[in-house]
Amino acid sequence: MKDIVIFGAPGAGKGTQSDFIVSHYGLTHVSTGDLLRSEIAAQTDLGLRIKAIMENGQLVSDDIVVDMIDRAIAADTRGMLFDGFPRTVAQAQTLDRLLSAHGRSLTAMVQLEVPEAELIRRLLERAKIQGRSDDNEQTIANRLAEYRAKTLPVAEYYASQGKRHTVDGLGTIEEIAARIRALLD
Ligand code: AP5
Ligand code: MG
């Protein structure tokens, strides 16, 4: 069973490449960003609490996302692709513990590398099409700052376990998918 983390900055293409990876390898996709946006759309208590945090481009608390991941792993029998999680070293340590409790361990972390100017270009482009409420210049700047401060250390965490694999995230969607496939195969 494969359990994989797709890692990268906001706009790196995690969600886009997830579609191909889950269909090709028969994995269950879990995106904490998508789960949190569903809570906001459903106007649950949790959704009301996290709306302002996400619109500000900050990370929501580890407890909230860990609870979501805990339930997703417990329900899964196929192997999972984690997208947008873990985003802090504490989350990465918890993921190791949760997988281990189910007799599993992370197979690999795939890090999409994309220069910051291209990340911003993609997110501003998406803003014109989709209107995601965190795709505006100020919030994008905050998301990138959170990424550098809290999420990049997660890459070192996986490097120290020998599980980090970097992929050039520039090019067409198909070219990048082919690079990921070559790596995971
Ligand atoms: P989340 O939903 O995870 O957003 P993000 O990490 O900011 O990243 P995006 O989803 O914007 O980018 P992506 O890498 O998926 O790229 P995509 O494929 O969409 O998180 C949102 C918020 O939720 C966070 O800020 C935080 O508040 C909260 N949150 C989520 N998880 C959390 C956690 N674990 N802990 C705490 N808080 C958490 O591509 C981007 C755009 O580029 C698209 O328009 C796409 O079409 C385009 N594109 C993709 N590939 C290419 C390409 N090769 N060439 C050109 N364009 C491309
Ligand atoms: Mg995404």
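Biologist: In which helix does arginine 49 lie, and what makes it exposed?

Modeller: This is a predicted model, and in it arginine 49 lies in helix H3. Its relative accessible area is 56%, and exposed means over 50%, so arginine 49 is called exposed.

Biologist: How far apart are arginine 49 and leucine 152, in sequence and in space?

Modeller: They are separated by 103 residues in sequence and by 26 Å in space, C-alpha to C-alpha.

Biologist: Does glutamine 43 count as buried or exposed, and why?

Modeller: Exposed, because its relative accessibility is 61% and the cut-off is over 50%.

Biologist: What makes H2 roughly perpendicular to H4?

Modeller: The axes of H2 and H4 cross at roughly 105 degrees and come within 11 Å. That angle falls in the range from 65 to 115 degrees, so H2 is roughly perpendicular to H4. Thr32, Leu35, Leu36 and Glu39 in H2 meet Ile64, Val65, Met68 and Ile69 in H4. The contact of H2 with H4 has six nonpolar, one polar and one charged residues.

Biologist: How do you know that the span of H4 agrees with its number of residues?

Modeller: Helix H4 (residues 62-75) has 14 residues, and at 1.5 Å a residue they should span 20 Å. The expected span is 1.5 Å times one less than the number of residues. The end C-alpha atoms of H4 are 20 Å apart, which agrees.

Biologist: Which residues of H4 are buried, and what covers them?

Modeller: Ile64, Val65, Val66, Met68, Ile69, Ala72 and Ile73 are buried in H4. Their cover includes strand S2 (28-31), H2, H3, strand S3 (80-83) and helix H5 (89-101). An α-helix has 3.6 residues a turn, so residues three or four places apart point the same way.

Biologist: Which kind of peptide bond joins phenylalanine 85 and proline 86?

Modeller: A cis bond, with omega about -5 degrees. Proline 86 is in the loop between S3 and H5. Most peptide bonds are trans.

Biologist: Why is H5 called oblique to H7?

Modeller: H5 and H7 pack at about 45 degrees, with their axes 8 Å apart. Roughly parallel needs under 35 degrees and roughly perpendicular starts at 65, so H5 is oblique to H7. The contact is made by Val89, Ala92, Gln93, Leu95 and Asp96 of H5 and Lys150, Pro153, Val154, Tyr157 and Tyr158 of H7. These divide into seven nonpolar, one polar and two charged residues.

Biologist: What makes glutamate 137 exposed?

Modeller: Glutamate 137 is in helix H7 (residues 137-160). Its relative accessibility is 62%, and over 50% counts as exposed. Glutamate 137 and arginine 104 are 33 residues apart in sequence and 40 Å apart in space, C-alpha to C-alpha.

Biologist: Why does isoleucine 173 count as partly exposed?

Modeller: Isoleucine 173 is in helix H8 (residues 173-184). Its relative accessibility is 48%. Buried is under 20% and exposed is over 50%, so isoleucine 173 counts as partly exposed.

Biologist: With which residues is isoleucine 173 in contact, leaving aside its neighbours within four places in sequence?

Modeller: With Thr16 and Gln17. Isoleucine 173 and threonine 16 are 157 residues apart in sequence but 7.7 Å apart in space, C-alpha to C-alpha.

Conventions. Residues numbered from 1 in each chain as written. Chains lettered and ligands numbered in written order. Predicted model: local features only at pLDDT ≥ 70, side-chain atom pairs only at ≥ 80, totals over all residues. Heavy atoms only, no water. Helix = DSSP H or I, 4+ residues; strand = E, 2+ residues; numbered from the N terminus. Buried < 20%, exposed > 50% of the residue type's maximum accessible area, 1.4 Å probe, protein only. Contact = heavy atoms within 4.5 Å. Axes fitted to C-alpha atoms, helices over the stretch in contact; angles between N-to-C directions. Parallel < 35°, antiparallel > 145°, perpendicular 65-115°, else oblique. Nonpolar A, V, L, I, M, F, W, Y, C, P; charged D, E, K, R; others polar.
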